[in-house]
Amino acid sequence: MKVPETEEDFIQWYEDCWADRDEVEYPKLFGAISEDVILLEGTGVLEGWLESELSQGQTLDPNWLPMGVRVAPPSPEYPYWTYVTTGLSNPFTVSPGEEVAESGPSGLGYEMVIHTPEEERWPVLRLLDMMAYNLVCARLFAMGHRYPVDGTLTGGETKLAGFVFVKDATRPSHFSLPSGQVELLTLVGVTKNEMAFSRSNGMDKLLQKLADPTKPGTEYITRPERDEVKL
């Protein structure tokens, strides 16, 4: 597939890909998702990572600024809150006239998702920070990854100290845009010991321990107040 060559056509194509995800795919996946986007711009997280030793660049890419996080309230099918990034799959990685594979990734090739029982602020802050880490430090996530954080996951009282990246078996795991494929990475909050267990025994074994047989899908919901599972 060839990306439009002229700047005008490229901008229109870029915006069409963006709209396809936010206005078509996300409502199908997440129901009555809020139209509001909590933007990276103005949060300071991009600048913070730019000043770190991990930074791979000197300046901010203006394509990053309108990226952010959207929030979906509970629904009858999915009775919990959902937070999803929007923008990492924008085709900002290609140039006008470039040849790209339709089966290849759109942008970074994924968006990140967190589920919680109640509406919370910390998932938004975590996702914004992790987006900035991806963009500024050029370090990408993938299914099966583990991501420890400094302190606790919420910044408050909880035993959870990081995320594991898993496939949510209750939802589609990916979708297609005109610019390529997008994978949905579900982030589940875990303790340090649970993270170590997943490294030694596999992610599936950890998810089995997090699951509640009477409530399918609970293993994908982050509950900061929960105790560590028996390992």
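Author: Two rings of Phe, Tyr or Trp (for Trp the six-membered ring) are called a pair if their centres lie within 6.5 Å, and the pair is stacked when the planes are under 30 degrees apart, edge-to-face when they are over 60, and tilted in the rest of the cases. The structure is a predicted model, in which local features need pLDDT of at least 70 and side-chain atom pairs count only at pLDDT 80 or more, whereas totals for chains, interfaces and linings use all residues. Residues are numbered from 1 along each chain as its sequence is written, and side-chain values use heavy atoms, with hydrogens and water left out.

Reader: How many aromatic pairs does this rule count?

Author: The count comes to 12 aromatic pairs.

Reader: Why is the pair of Tyr-26 and Phe-30 called edge-to-face?

Author: The ring centres of Tyr-26 and Phe-30 are 5.4 Å apart, which is within the limit for a pair, and their planes stand at 75°, which is over 60, so the pair is edge-to-face. Both residues belong to helix α1 (residues 7-30), and because they are 4 residues apart there, about one helical turn separates them. Helices, like strands, are DSSP runs numbered from the N terminus, a helix being H or I over at least four residues and a strand being E over at least two.

Reader: What makes Tyr-26 count as buried or exposed?

Author: Buried means under 20% relative accessible area, exposed means over 50%, and partly exposed lies in between (with a 1.4 Å probe and protein chains only). Tyr-26 has a value of 0%, and therefore it is buried; Phe-30, at 6%, is buried by this rule as well.

Reader: What kind of pair do Tyr-78 and Tyr-80 form?

Author: With 6.1 Å from centre to centre and 55° between the planes, Tyr-78 and Tyr-80 form a tilted pair, and both of them are buried. Arg-171 lies over the face of Tyr-78, at 3.6 Å from the ring centre; for this the rule asks that NZ of Lys or CZ of Arg be within 6 Å of the ring centre and within 35 degrees of the ring normal.

Reader: How do you know which residues form a salt bridge with Asp-22?

Author: A salt bridge needs a side-chain nitrogen of Lys or Arg within 4 Å of a carboxyl oxygen of Asp or Glu. The closest N and O atoms of Asp-22 and Arg-70 are 3.6 Å apart, so the two form a salt bridge. Asp-22 lies in helix α1 and Arg-70 in strand β2 (residues 68-72), so this pair ties together parts that are 48 residues apart in sequence. Both Asp-22 and Arg-70 are buried.

Reader: Where do the partners Lys-159 and Asp-227 lie?

Author: Lys-159 and Asp-227 form a salt bridge whose closest N and O atoms are 3.3 Å apart. Lys-159 is in the loop between β5 (146-148) and β6 (162-166), while Asp-227 is in the segment after α5 (203-210), so the bridge ties together parts 68 residues apart in sequence. Both Lys-159 and Asp-227 are exposed.

Reader: Why does Arg-226 count as buried?

Author: The relative accessibility of Arg-226 is 17%, which is under the limit for buried residues, and therefore Arg-226 counts as buried. Arg-226 forms a salt bridge with Glu-194, the closest N and O atoms being 2.7 Å apart, and Glu-194 is buried with a relative accessible area of 0%.

Reader: What makes β6 mostly covered?

Author: Of the 5 residues of β6, 5 are buried: Gly-162, Val-164 and Val-166 on one side, and Phe-163 and Phe-165 on the other. As for its neighbours, two strands pair if DSSP finds at least two bridges between them. The strands β5 and β6 have 3 bridges and therefore pair, running antiparallel, and 5 bridges join β6 to strand β8 (residues 180-190), also antiparallel. Tyr-147 stands opposite Phe-163 in β6, and Gly-162 stands opposite Val-190 in β8.

Reader: How many disulfides does a search of the whole structure find?

Author: A disulfide requires a pair of cysteine sulfur atoms within 2.5 Å, and the search of the whole structure finds 0. Among the cysteines, Cys-17 counts as buried at 1% relative accessibility, and Cys-137 is buried at 2%.
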